[in-house]
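Hi,

Here is the structure I promised to pass on. Please have a look, then read my notes below.

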Amino acid sequence: MHAIGLKIRCDKQAGITHKEQKMNTFFMGVDLGGTVIKAGIYSPEGQELVVAECPFPTESPQAGFSERNMDMLWQATCGVIRDAIHNSRLNPTQIAGVSFSSHGKGLYLLDKNGKPVRNGIVSSDSRAQNIVDEWHQNGTAKHAYPLSLQQLWASHPVSLLCWLKQHEPDNYRDGRYVLMVHDYIRYRLTDQITCEETNISGSQLYNPTTSNYDPKLCQLFGIDEVSEKLAPVINSAELAGCVTHQAAKACGLVEGTPVFGGFFDVVGAALASGVSQQDKLSAVAGTWTISTRVFDKIMPADYPYVWGKYCIPGTYFVHEGSPTSASNLAWFTRHFFNQRLQDYKVLNECVAEGATRKNDILFFPWLYGSNYHSNLHGGLLGLSSHHTEADIAYAIYQGIVFSHLLHQDRIVGIDNLTEAIRFTGGPTQSALWMQMFCDASNLPVEVVDVKQSGCQAAALCAAVGTGYYSGFDTAIASSTPKITEYQPNEIAHQQLRDKFARFKAVADALS
């Protein structure tokens with residue numbers, strides 16, 4: 001086990017000519033999500049050969065806990081890597097590099113011997129909420145923001161470390177390396193301990209302005225000891241190490257295959273959408289709704305935007321997100337709608353019918369928490385006896401659009417220079433829904449045809465790391481996905497904005 005401090009050389013391609021290498025080159029991207037682990041193999045241009053996946057739900061031993069056994073996580077990752085290689089029918093020597101996209105926040109703690117101290121903690125964990133509430137009340141959050149440029153979450157590493165210090169002091173003491181999830185899997189592949197910049201920059205341990213850890217943050221949060229437990233930081237496309245002999249036997253990759261940093265999944269989604277400059281916004285609608293933009297500097301503002309280091313050197317990303325998107329629709333259709341509405345095509349026909357009628361129903365998509373007022377919950381308002389499932393389905397589509405706007409309007413409003421929105425996620429399967437997003441935004445929407453943005457972006461990261469591309473800008477230009485465009489309708493825009501104003505007014509009153 002090592003922390004990187006020396007130059008690592010991988011000799012996997014020795015003896016292969018440049019022409020042969022280009023003809024036989026593929027890259028692997030591993031997506032370490034909150035509920036599913038995936039591994040995909042891609043051509044250098046981002047064409048998908050195969051994706052293997054494994055559901056890996058979290059454990060919840062107590063209310064608010066969301067954990068994973070770290071050894072089982074490694075085994076599950078090895079399993080999807082082996083399956084992807086087997087299903088692709090490639091020789092593993094054709095995989096020229098591996099990289100990652102992963103969930104943010106959480107805590108994966110190793111001891112001095114590189115063994116897990118306890119279960120890993122996932123970004124959906126809320127055990128430390130009382131600590132975060134106290135930090136808001138006593139001014140700690142206010143003092144930390146200028147250093148970290150992060151809004152405080154219960155699942156931030158600092159929140160969880162503080163909780164461990166109070167409730168599991170032995171584990172807190174025995175922790176030697178503070179890692180995010182892809183840092184841990186990279187370590188298991190390479191025996192090298194590092195932290196990747198786009199993800200660790202959102203940890204409350206790192207100062208995006210200085211591009212380094214900030215000991216003042218550990219002091220503010222009462223975990224001074226953690227300053228000595230932070231691993232070296234590497235960039236997204238920086239070589240982290242090479243697949244070891246032991247890891248090769250476990251996962252099926254060739255010993256010596258180079259492994260690169262990777263990134264936070266929000267960054268991966270933006271990269272897969274081709275977002276590299278501030279004129280485009282990356283919008284993701286799935287379990288979470290996420291809005292992301294890229295800037296060449298941190299923009300001053302009164303609002304506490306969340307900033308991090310983007311994968312392109314010298315750039316930053318700003319984003320907002322919440323679990324207020326299509327997961328709310330999935331819950332409603334599963335519990336209340338006819339079975340036939342589980343199919344997107346049938347559901348879209350139902351919504352189209354609802355769109356033809358006057359409809360004042362408001363749906364608040366806050367079943368998993370509100371992104372407007374913390375004390376609000378999901379619900380329907382304005383139901384009458386003449387309403388049908390078509391009216392309700394339309395209201396749900398509309399409510400999810402409105403909750404998305406709460407984030408998007410803030411991100412667009414930083415400078416009002418956004419020219420188009422690049423959209424990915426499940427709702428892109430509905431042309432009607434995409435038109436609603438487009439009309440509400442009053443900006444062109446460009447739907448990106450990418451099935452697995454995390455895996456694809458991670459594979460492109462490996463391509464950049466190996467030098468196949470000179471940088472991420474070149475990789476984006478060479479792997480531009482198919483785009484479907486939507487243009488806003490001014491009349492529809494005004495109607496939706498009027499309803500959006502009512503949506504917020506009712507939410508204000510309910511809060």
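Which residues of α16 are buried? They are Ser 453, Gly 454, Cys 455, Gln 456, Ala 457, Ala 458, Ala 459, Leu 460, Cys 461, Ala 462, Ala 463 and Val 464. Bear in mind that this is a predicted model.

That makes twelve of the 14 residues of α16 buried, so the helix is largely enclosed by the rest of the structure. Buried here means under 20% relative accessible area.

Gly 467 follows α16, and its phi is positive, near 90°.

Next, a helix pair. Helix α14 (residues 389–412) packs against helix α18 (residues 490–510) at an angle of about 80°. Their axes are 10 Å apart. The angle falls within 65 to 115 degrees, so α14 is roughly perpendicular to α18.

On the α14 side, the contact is made by Tyr 394, Gln 398, Gly 399, Phe 402, Ser 403, Leu 405, Leu 406 and Asp 409. From α18 come Leu 496, Arg 497, Lys 499, Phe 500, Phe 503 and Lys 504. By class, this contact has seven nonpolar, three polar and four charged residues.

Last, the annotation. An unreviewed UniProt entry places the feature "domain: Carbohydrate kinase FGGY N-terminal" at residues 28–271. In the model, that span is 36% helix and 23% strand. The end C-alpha atoms of residues 28–271 lie 16 Å apart.

Best wishes

Notes
Residues numbered from 1 in each chain as written. Predicted model: local features only at pLDDT ≥ 70, side-chain atom pairs only at ≥ 80, totals over all residues. Heavy atoms only, no water. Buried < 20%, exposed > 50% of the residue type's maximum accessible area, 1.4 Å probe, protein only. Helix = DSSP H or I, 4+ residues; strand = E, 2+ residues; numbered from the N terminus. Axes fitted to C-alpha atoms, helices over the stretch in contact; angles between N-to-C directions. Parallel < 35°, antiparallel > 145°, perpendicular 65-115°, else oblique. Contact = heavy atoms within 4.5 Å. Nonpolar A, V, L, I, M, F, W, Y, C, P; charged D, E, K, R; others polar. UniProt positions renumbered as here; feature names shortened; annotations may be inferred.
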